[in-house]
Amino acid sequence: EKWAATRAKYPPTTLALRHFDSTYSTQLGKLWPSIRVALLSERKYGALLNNFSFDDIPEDYEAQGCRDFIRDTDTEAQPRLQQESEFVAERESDCVSVQNADADSLQLPPLQLSRNVKCLVFPRGDITRFKPAKPDKSGLLSYYLMDAASVLPCLALNVEDGHNVLDLCAAPGGKTLALLQTHSLGFLCVNDASVSRTMRLKRVLRSYIPKDLLTDEKLRITSFDGTMWGEVETNVFNRVLVDVPCTTDRHSLLEDDNNIFNKSRVGERRRLPQLQTELLLAGILAACPGGEILYSTCTLCRSQNHSVVEQAIQLAQENHGIQLQVVDLRPLTHMFRKTFHFAPDLPLGEMVVPHLAANFGPIYMCKLRRLT
Amino acid sequence: LHPAQQNPNERTHQSREPVTELSIHSLRDLGFTETQAEQICGSVSKIRGGNATKHAMSTLTALFILGLNASSVLKLLEKCPEVFHVKESLLQQRIDNLRKLGLVEGSLQRVVAYYPQILTVPVKRLRNVVMFLREKCLFTGKQVTDILRESPAVVLENMSQLEYKFQYVYFRMGVKQAEMLKSRLFRFTLDEVRCRHCFLERRGMYETPDKKGQTTIINPKLESILNVSEGTFVTDVAMASAEEYDVFKKLMEREWREEEQQMDSIDTD
Ligand SMILES: C[S@@+](CC[C@H](N)C(=O)[O-])C[C@H]1O[C@@H](n2cnc3c(N)ncnc32)[C@H](O)[C@@H]1O
C-alpha cells in the first residue's frame with residue numbers, strides 16, 4: 001500500500017506533454033500541432049562520418065539515397081553568398097547588433113564551414129534507419145549516429161586552424177566528435193560536470209579518435225562544474241561551445257526514466273534557466289576578446305533559449321564590462337533549409353523545429369562574439 | 001418474374017450434364033442479351049475448380065428471382081465468381097436469413113449487388129457475427145441490420161480484429177454505438193481508423209475522455225474523421241499537409257509491425 005501511495009498518479013512523460021501543450025501552444029502557435037506530432041513520433045538520425053576511420057562511407061547508404069547534408073545545400077544560397085561576401089567585412093566592423101536587421105537589407109556574411117565535417121541523412125520523408133556502426137580494422141567506428149541538427153551548432157562555431165576550443169558541457173560527446181572532425185583544433189578542453197557521463201564521453205572518444213590525437217598536448221578532459229570555469233581560466237579560448245542541460249523535450253516526452261518532469265525534480269527544472277545563464281556566462285568569460293561563443297539547447301522553450309542569452313549578455317556587460325555582439329546565423333539556416341525546418345522570426349538565435357518529414361531537433365542555437 | 005425460370009433450375013439439380021444446362025440459349029431465356037450471354041458463358045467456364053458450371057444456372061436464376069437485372073448479375077459475377085460454387089438450396093437459405101435479419105426488399109438487393117460475397121457466408125457464421133455485435137458490442141437489433149446494410153463486409157472480417165476495432169473506438173476514442181453507425185465505422189480497416197485517430201491525437205486534437213466522459217478539448221466527431229476522403233481529413237480536420245500524413249502512415253505501419261513482432265517474441269518465450 002505504501003508503494004501505491006508514493007507512486008505518481010501521472011507519469012513524467014504525461015506531465016511533460018501537458019506542460020508543453022500549455023506553454024508551446026502560445027509560444028509556437030500554429031506550428032505546435034505539427035511539431036507535437038513529430039516529437040511524439042520516431043526521430044531521424046544523421047550519421048556523422050568519422051574521418052579517422054579507415055572504412056569508406058558505407059556504399060549501400062549512398063545507393064539508398066543518403067546524402068551529406070552539409071554539401072547538399074540550397075542551390076540559391078551559394079551564388080548570393082559569394083557576391084555579397086565583399087560587403088561583409090565592412091559591415092561587420094561597424095555593426096554591433098544585427099538582431100533586427102530586416103531580411104531585405106541583410107547582407108549575408110561568408111560562411112566558412114569546415115570541409116571535413118560530413119553528416120549523412122536520408123532524404124526528406126524517408127524513414128529508413130541507419131544500422132549501428134561497425135569497427136574498422138584499427139577498431140575505430142566509421143560513423144556516429146546523432147541528431148543531424150546537433151551538427152549545426154558545431155558548424156556555426158566556425159572553428160579555424162589552431163583555435164583553442166572549450167566544450168563546456170560535452171558528454172556524451174556527439175558535438176565533441178563533430179568538432180574534432182574539423183582537424184583544425186589547436187587545443188581542445190572537454191568538460192562535463194557529471195563524472196559518469198564523462199566516463200562515457202571518454203569511451204566515445206576512444207571508439208572514434210586515434211590515440212595520438214588524444215594526448216595531453218592536444219586534449220584535456222575534466223569534470224568541473226562549468227559555472228565555476230571563470231574562476232579557473234578566463235579570456236583564453238577562441239571558441240566556446242555551451243551546450244547546456246535543458247528539459248530535453250524529446251526525451252521528456254518519450255522516456256519516463258531519468259525524466260526532468262518527474263515530481264521529485266520540480267526544483268531542478270525550475271532552476272534550469274538560472275543554471276543555463278550561469279553556464280553561458282562562464283563560457284563568455286572563458287572566451288578571449290574577439291572569441292566566439294555558441295549557446296545551444298535541445299528544447300523549444302523560450303525561457304531556456306533566448307531569455308537565457310539576453311540575460312547573459314546583460315550580466316556580462318553589467319558585472320564584467322564585456323561587450324558582446326550577436327552573430328547572425330541566417331546564412332547558415334538559409335543554406336540548410338533543404339534539410340531542416342527552422343522556426344520563423346525568432347527574436348534572437350535560430351531554432352531547428354521537428355517536422356514529420358524532417359524529424360530532427362529541436363535544437364536552439366545562438367552565437368555571440370566578444371568585442372571586449 | 002417469369003415462372004418459366006423455375007424449370008431449368010430444378011433440372012440442374014438432377015442432371016449431371018451441367019454444360020448443356022448453361023447455354024447461350026437458356027441465358028437468353030433468362031433475359032440476357034446475346035453478348036451478355038456469351039460473356040457469362042465465357043466467365044463461368046473460366047472459374048476454376050469446384051462445380052461452378054453445375055450451379056451456374058441455378059444461381060443465375062435465383063439472382064433473377066431476387067430481382068437483379070441482367071447487367072447487375074453480370075457485374076456480380078465479375079466481382080465474386082465464388083457465388084457460383086454455392087448450391088441453390090444454401091443460396092436460398094442465406095437469402096432468407098438476410099431477410100430475417102431485417103434487410104427489406106430493396107436493401108437486400110443492394111447489399112447483394114454491392115457485396116455478393118455475403119452469399120458465400122454460411123448462415124452459422126452470420127449468426128455468430130450478429131451475436132457478437134449484439135452481445136459483445138451492445139448494438140441493438142436495428143443497429144445490427146444497419147451495419148449489415150451499410151458495411152456488409154463485417155461478415156467476413158476476422159472476428160478478433162472486429163472486436164479490437166470496436167474496443168479501440170469505444171474505449172480509446174470514447175465513441176458510442178450510435179455514432180459508430182453514423183460514421184460507417186465498419187467500412188474502414190482497423191489500421192485506417194487507428195492511423196487517423198493517432199495522427200489527431202499526436203497533434204493534440206483528440207483526447208480520450210476520462211471516466212466521466214469529459215475532455216479538455218472538443219474532439220472532432222468520428223463521422224468527420226472517417227466519412228471524408230483522406231485529403232479532406234488531412235487538410236480540413238487535422239489541418240496538416242499531405243506530406244506529413246504520408247510520412248506518418250509509414251511510421252505507424254512500422255511501429256505497429258514492430259509492436260506485433262515484440263508481442264510474438266514474448267509469446268514464444
Ligand atoms: C545537452 S547535454 C550535452 C550533450 C553533448 N554536448 C553532446 O553533444 O553529446 C548537457 C550536459 O551538461 C552536463 N552538465 C550539467 N550541469 C553541468 C554543469 N554545471 N557544468 C558542466 N556540465 C554540466 C550534463 O552532465 C550533460 O552531460
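**Ground rules.** I am working with a predicted model, where local features need pLDDT of at least 70, side-chain atom pairs count only at pLDDT 80 or more, and totals for chains, interfaces and linings use all residues. Residues are numbered from 1 along each chain as its sequence is written, chains are lettered from A and ligands numbered from 1 in the order written, and side-chain values use heavy atoms, without hydrogens and water.

**Interface.** I looked up the contacts (heavy atoms within 4.5 Å) and found 13 residues of chain B against 16 of chain A. The two chains bury about 1,400 Å², 54% of it on carbon and sulfur atoms; this is accessible area (1.4 Å probe) lost on being put together, summed over both.

**Salt bridges.** I found three across the interface, taking a side-chain nitrogen of Lys or Arg within 4 Å of a carboxyl oxygen of Asp or Glu. I noted A:Glu42 with B:Arg254, at 2.8 Å from N to O.

**Chain B side.** Helix 16 (242-268) and helix 13 (190-202) each supply at least two residues, with the largest share, eight residues, coming from helix 16. Helices here are DSSP runs (H or I, at least four residues), numbered from the N terminus.

**Ligand.** I counted 21 residues around the ligand, A:Asp192 and A:Arg197 being among the closest; the cut-off is a heavy atom within 4 Å. A ligand nitrogen lies 2.8 Å from a side-chain N or O atom of A:Asp225, and a polar side-chain atom of A:Lys175 is 3.1 Å from a ligand oxygen.

Terms used
Polar contact = N/O pair within 3.5 Å; in protein donor to acceptor, adjacent residues only side chain to side chain.
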